Amino acid sequence: MTVPAYAIDEASMIEFLTRYVAARSYSTEESAAATLLTAEMEKLGFGVEVDEWGNLIGTMHLGEGPTVLIDCHMDTVVVTDESVWEHHPWGEIADDGRFYGRGTADMKGPTASALYGLAALKNGSVGTLVLSGTIAEELAEGPALIKVCERVEPDFVITAESTNLRLNHGQRGRGEVLVSVHGKSSHSAHPTAGINAAQVMADVITALRDIPVPHQEELGDGILVLTDIISRPYPGLSVQPDLCQATYDRRLLVGETEENVLGPIREIVGEICAKHGTTGTVEIAYDDFTTYNGTHVRFPNFAPAWLTDPESALVTEAQAALAAAELPSELGTYKFCTNASGSAGKLGIPSIGYGPGEEDQAHTVDESISVADLARAAVGFAAIVDSILTSGARA
């Protein structure tokens, strides 16, 4: 395979990324970033529309052929304490060749690479290019991309989450599990007059540490991790709590459903609560928030795992294109969850992951990305999409 020399405007890409990182865009606060990304897509020849949630959909029609969608979420996690950053959290290119700042790796840097990689294909003759700027991925992976896919109906999806320039063909999913224990309040001077929900929950938490976890060779373990605990009333001054809730992050494997994830947890919670003469519930938590454009959304936080067959046309074409461009082409999978839980996990659209940046840079103090890899990834995006479009690949 011979890959054309793609003209990537590296200077403009870095200048855009500098402004994009500086535009703070915490989840549900993506307005400034959306304005910048819209203007940049329009400057590069994309027609841009905004859906009812505030997702951006930039489209460039080149002719008859497949539709390839690259998804890039606009939101970032928060910077909790700027004073602990050695580099400027809102954008700094250092002498070590890295671009520092919140969102550089997750995922404003990959967005810049994807956008300028697609722009290098605008003189092509086949297919449709789409770049989405989706909302609130840091709150829930998948729902925003599902909204975009329902409108665009892509043949293939690429999530631009960081892969360190590998080609990822799957990921573990994520379910947020809410465990509730119902007690009976009483004065803490007379504990036997009530049932202490927090103490019962302590037994539940201890038991859940030993719950067996499933395993898949390509994705690893379906781990269960405690992330927060809260009791009612709080503060409980001289009052035994009548309610205690614990939230767990359950990493999902391919084929797991809400019922087979919740079943073993419900069994343990039921047994322990029965010993204490009370009851408990186990359910998937809901995400409930208002988007930056004022739309209220609510949906269960259950993002399925997915794997795309490494022998599929999508994966083999992408690998060949990267190898021909003299870029890394080895396969991998994400350890974290991405919006492709929506496109691949729920909708069944053939999906892959590709992008600059190391996965473990996400959400860190002094988050950063290699400036050189931004340009290399732009070429990689162009090569992958060009190959898919011109070959007419079908998964």
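**Cavities and a buried asparagine**

Mentor: Lining the second largest cavity are Trp-53, Ile-135, Ala-136, Ala-140, Ala-144, Phe-289 and Phe-299. This is a predicted model, where local features need pLDDT of at least 70, side-chain atom pairs count only at pLDDT 80 or more, and totals for chains, interfaces and linings use all residues. Residues are numbered from 1 along each chain as its sequence is written, and side-chain values use heavy atoms, without hydrogens and water.

Trainee: What makes a residue part of a cavity lining?
Mentor: On a 1 Å grid over the protein atoms alone, a cavity is a set of points where a 1.4 Å probe fits but cannot get out, and a lining residue has an atom within 4 Å of a point. The volume of the second largest cavity, about 30 Å³, is the space filled by probe spheres set on the points, which are joined across faces, edges and corners.

Trainee: How is that lining divided by class?
Mentor: It has 7 nonpolar, no polar and no charged residues. Ala, Val, Leu, Ile, Met, Phe, Trp, Tyr, Cys and Pro count as nonpolar, Asp, Glu, Lys and Arg as charged, and the others, Gly among them, as polar. The lining of the largest cavity has 6 nonpolar, 2 polar and 2 charged residues.

Trainee: Why is Asn-196 called buried?
Mentor: Its relative accessibility is 16%, and buried means under 20% relative accessible area (1.4 Å probe, protein chains only), with exposed over 50% and partly exposed in between. Asn-196 therefore counts as buried.

Trainee: Which residues does Asn-196 contact, leaving aside neighbours within four places in sequence?
Mentor: Gln-240 and Pro-241, where contact means heavy atoms within 4.5 Å.

Methods. 1 Å grid on protein atoms, 1.4 Å probe; cavity = no way out; pocket = protein on both sides within 12 Å on 5 of 7 lines; lining within 4 Å.
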